Amino acid sequence: MAIRAPYRSLRGISAVAALLAIGAVGCSDVSDAVDSAKDGAKKVARQRSVFSLDTGDCYNPNGKAEGTAYAVEIVPCDEAHEGQVVGEFAIDEGKEYPGDDGVSTIADNRCPVEAQKYAPDTWALPKGVALFYYTPTKESWATGDRAVSCTYTAEKSTLSSSLDTAKSLKPEQTTYLKGSNAVYEALWANQSEKDAVEDDLAGYKAQAKAVAAALDAHVKGLDGIKGTEVGKLRATLTKAAGNWKKAANAADADAFYIAYDPAFTDIDPNKSVAARKELGLATTVPADDAEVWAG
């Protein structure tokens, strides 16, 4: 985000440019010029400050998707668009600006959680969609800006509909996705910065404890869902939870590795495909996840 854009000037410039274009062409081209002017006027009318974005808004950025933004073009979600706001929250990390890296870290941690409330099944997202966010700058922070808008953005193409799927899910689908998402959130949100367990055994054990707790909750949720494949997955995840607990209580790195290897293998997303199919959910493992478990 940045300072508010001068919308009146923007509209005025667009109107003058349109008039000049019409006056410069021959009669045979007037119709095309008028249509172009109308399209330009429509785009200007759709401009909205990034300070006033709401969850559910579909939009086109004015320029590149990344960088400082003043305004975006809000469009109906059934029209081609590059992004959609799928969550928002306010930063409450004290009075001082956390710094660019600090703000990014907060958004990195919070936006996946907020986005999953709006579009719970990340496997069902269109190919090429990535999570972006609008955050305060140092300058806008000084004016009281604390808002973060989380968006899914099509990096190489466009979207043609809303990504809001939460309202259309059945109760058992919602229960499954809530539990599953929490497991992987616990895994990645608690990932140690050290590559080797020997360098941060306490950190890895804390991660294992968080994953085990999330798995226990997930398994409990699956208890109320019928289905042969769901039952098989429940058994696999129960075993996984046991191994994550062993890893969390490991006396040393060697004991941790012994428990961690089967624990990690048993939460391989590929093991949930059959249960997802039984529940009527998307069954294609996202490329990034598939790569992680492929080794």
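**Figure 1. Disulfide pattern of the predicted model.** Counting bonded cysteines along the chain, the disulfides of the protein follow the pattern 1-2, 3-4. The structure, a predicted model, holds 2 disulfides. One of them joins C58 to C77, and another joins C111 to C150.

**Figure 2. Close-up of the disulfide between C58 and C77.** The sulfur atoms of C58 and C77 are 2.0 Å apart. The torsion about the S-S bond is about 95 degrees, so the disulfide of C58 and C77 is right-handed. C58 has a relative accessible area of 1% and is therefore buried.

**Figure 3. Close-up of the disulfide between C111 and C150.** The S to S distance in this link is 2.1 Å. The bond of C111 and C150 is left-handed, with -80 degrees about S-S. C111 is buried, its relative accessible area being 1%. C150 is buried as well, at 0% relative accessibility.

Figure 4. R110, E114 and K117 are linked in a network of salt bridges. In the pair formed by E114 and K117, the closest N and O atoms are 3.4 Å apart. E114 and K117 are 3 residues apart in helix α3 (residues 100–118), so about one helical turn separates them. E114 is buried, with a relative accessible area of 11%, whereas K117 is exposed, with a value of 54%. A search of the whole structure finds 8 salt bridges.

**Figure 5. Salt bridge between D216 and K245.** The side chains of D216 and K245 meet with an N to O distance of 3.1 Å. The two residues lie in distant parts of the chain, 29 residues apart: D216 is in helix α6 and K245 in helix α7 (residues 228–248). D216 is partly exposed, with a relative accessible area of 35%. K245 is also partly exposed, with a relative accessible area of 37%. Side chains of opposite charge can pair when their charged atoms come close.

**Figure 6. Salt bridge between D164 and K167.** The closest N and O atoms of K167 and D164 are 4.0 Å apart. K167 is exposed, with a relative accessible area of 77%. D164 is partly exposed, with a relative accessible area of 27%.

**Figure 7. Patch of negative charge on the surface.** D195, E198, D199, D252 and D254 gather in this patch. D195 is located in the loop between α5 (171–189) and α6 (201–222). The relative accessible area of D195 is 79%, so D195 counts as exposed.

How values were computed. Residues are numbered from 1 along each chain as its sequence is written. This is a predicted model: local features need pLDDT of at least 70, side-chain atom pairs count only at pLDDT 80 or more; totals for chains, interfaces and linings use all residues. Side-chain values use heavy atoms; hydrogens and water are left out. Patches are made of residues with over 30% relative accessible area and no salt bridge: like charges are joined within 9 Å, nonpolar side chains (Val, Leu, Ile, Met, Phe, Trp, Tyr) within 5 Å. Accessible areas come from the Shrake-Rupley method with a 1.4 Å probe; for residues, only the protein chains shown count as cover. Lys and Arg count as positive and Asp and Glu as negative; His and the chain ends are not counted. The place of a charge is taken as NZ of Lys, CZ of Arg, CG of Asp or CD of Glu. Helices (H or I, at least four residues) and strands (E, at least two) are DSSP runs, numbered from the N terminus. Buried means under 20% relative accessible area, exposed over 50%, partly exposed in between (1.4 Å probe, protein chains only). A disulfide is a pair of cysteine sulfur atoms within 2.5 Å.
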